[in-house]
Amino acid sequence: MDKNTDFNDMTARKILCIGAGYVGGPTMAVIAHQCPDCRVTVVDVNAERISAWNSETLPVYEPGLDAVVRAARGRNLFFSTDIAGGIRANDIIFVSVNTPTKTFGAGAGMAADLQYWEKTAREILEYAESPKIVIEKSTLPVKTALAMERILNSRGGDVRFDVLSNPEFLAEGTAIRDLENPDRVLIGSRETAAGLAARRVLEDIYARWVPRERILTSNIWSAELSKLVSNAFLAQRISSINAVSALCEKTEANVTEVARAVGMDGRIGPKFLNASIGFGGSCFKKDILNLVYLCRTYGLDDVAAYWEGVVAINEYQKERFVLNMMAAMFNSLAGKRIALYGFAFKADTGDTRESPAIFVAERLLAERAEVVITDPQALPNARIWAQGLTDRGAGSLFETGAGPKIAFVEDPAAAAAGCHALAVMTEWPLYRGLDYERIFRTMIQPAFLFDGRNVLDHERLHAIGFNVYPIGRPPLTHF
Ligand code: NAD
Ligand code: UGA
């Protein structure tokens, strides 16, 4: 094919996605499911992950994902480690590799680490023999497409590359629902004839199942920036209500009542106003810090400080939760046993990246408490976290003369037995239906319950005998 091949000539698309993670896997599974005439291949450097995608136990827990993968896999959805072959054989290449916060050098702790991203750009250049539409699916700093274009065009060869930005807005736990019925799909392109033609190709793929009015197009820089700003706005709402929760605890106002009153203003809306122990997940903190870094880079220090405040309040909220636990439990946690209900960063996922439960567990261990972890999906990742602590030289956290400092227990009722306190970290619905009368009787008295998600029936638990500490509401104690 020559440099001017018209992508519109193709009807049945050959699609590749580089990166088979939480985004790449589910996103491509839904595209394959919705577009049976497209052939979709997902590649990754991680062979273990690819074999999990090809197995009965997928590497990602998402409600509805198994069914979608089962319907398309082997028909028009394939998982492979052959990155070079994938690049050669496909015309449309999504790049969905990880873009974590940089941990070294300039911008450490703030800027996005683009090394995995750049590596894929170089691989595409190396193996491409025909024109490609390259789509940024990963979340990236605004202007990254320029770097991608420069790398792809650095050889000045006759292969044409068009770069699009198509950021992903799915949330974990509802990924399939979000992908099948998105609020919007955003596609940014260069506003040249070639850029607009490439944009139309991607629009037509999504239009198979997404109503046209929900497919938004924009210039490429707006698309890149909109993703960072969307996450910053969502996280800002959580930090706003969490900041208010601290004031509620001082004034006997009830944060749930405040959120309801505030959210009924149509200009504000009710969503994302649940006060909590703090937001977690792989993206909010990283994306806001990335935005902060970008602002600083452009000399916009006041704007940077504004957004940095969202992350600062989140750290404050997590720390405040632990300090409240300490204060309630007579200012000493050493030797006390505390059950953490949930370890995932939110319900309906096994993902523990940046989970507030990790922060709490590490702070409790630093206070020499013993931690019992239970979670219906996240125990494998919790075990990896605990192993990481040991590897980082945190001493043997598993065995001491007094017994294990970290235990993993599948059954939440069994996890609470012999504990001084329960702390709800994740809003799994199953925690609402437990037999708390029985649980209370197996615990050390006085028994404490810290509800980091405000999901339990506090009055009932208080009546059973617990000393109950919600977020942003007065505690219900027996002292
Ligand atoms: P992830 O870590 O789960 O997956 C990334 C995958 O890319 C890994 O399996 C890794 O092995 C692979 N990879 C890295 N370099 C590679 C290379 N050179 N070639 C082939 N494979 C390579 O990450 P994720 O959660 O799927 O996130 C991916 C991107 O999507 C990030 O930029 C993130 O900010 C963004 N995002 C994530 C979510 C979410 O809910 N997790 C939602 C929207 C956007
Ligand atoms: C978030 C966004 O919602 C997605 O649109 C985005 O695509 C994604 O980040 C991303 O870029 O990675 P996700 O992190 O998967 O999705 O999950 P959310 O539902 O946004 O929850 C994030 C955190 O905020 C969780 O810890 C959750 O418990 C917490 N949260 C959420 C609250 O504490 N209160 C709320 O009212 C809502």
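Which helix gives the largest share of the shell around ligand 2? Keep that in mind as you set up the view.

This is a predicted model, in which local features need pLDDT of at least 70 and side-chain atom pairs count only at pLDDT 80 or more, while totals for chains, interfaces and linings use all residues. Residues are numbered from 1 along each chain as its sequence is written, and chains are lettered from A and ligands numbered from 1 in the order in which they are written.

**Stop 1: the two domains.** Colour domain 1 (7-210) and domain 2 (221-479) separately; these bounds come from an automatic or database domain assignment. Their centres, taken over C-alpha atoms, are 33 Å apart. Domain 1 puts 24 residues into the contact and domain 2 puts in 25 residues, where two residues are in contact if their C-beta atoms, placed from the backbone, lie within 7 Å.

**Stop 2: the domain 1 side.** Select helix 6 (144-152) and strand 7 (185-189), the elements that give two or more residues to the side touching domain 2. Strand 7 provides the largest share, 3 residues. Helices (H or I, at least four residues) and strands (E, at least two) are DSSP runs, numbered from the N terminus.

**Stop 3: ligand 2.** Now select the 20 residues around ligand 2; N274, S276, F279, G281 and C283 come nearest. Here, a residue is near a molecule if its C-beta atom, placed from the backbone, lies within 6 Å of it. Helix 9 (residues 220-251) answers the opening question, with 3 residues of the shell. Ligand 2 lies between domain 1 and domain 2, because both give residues to its shell.
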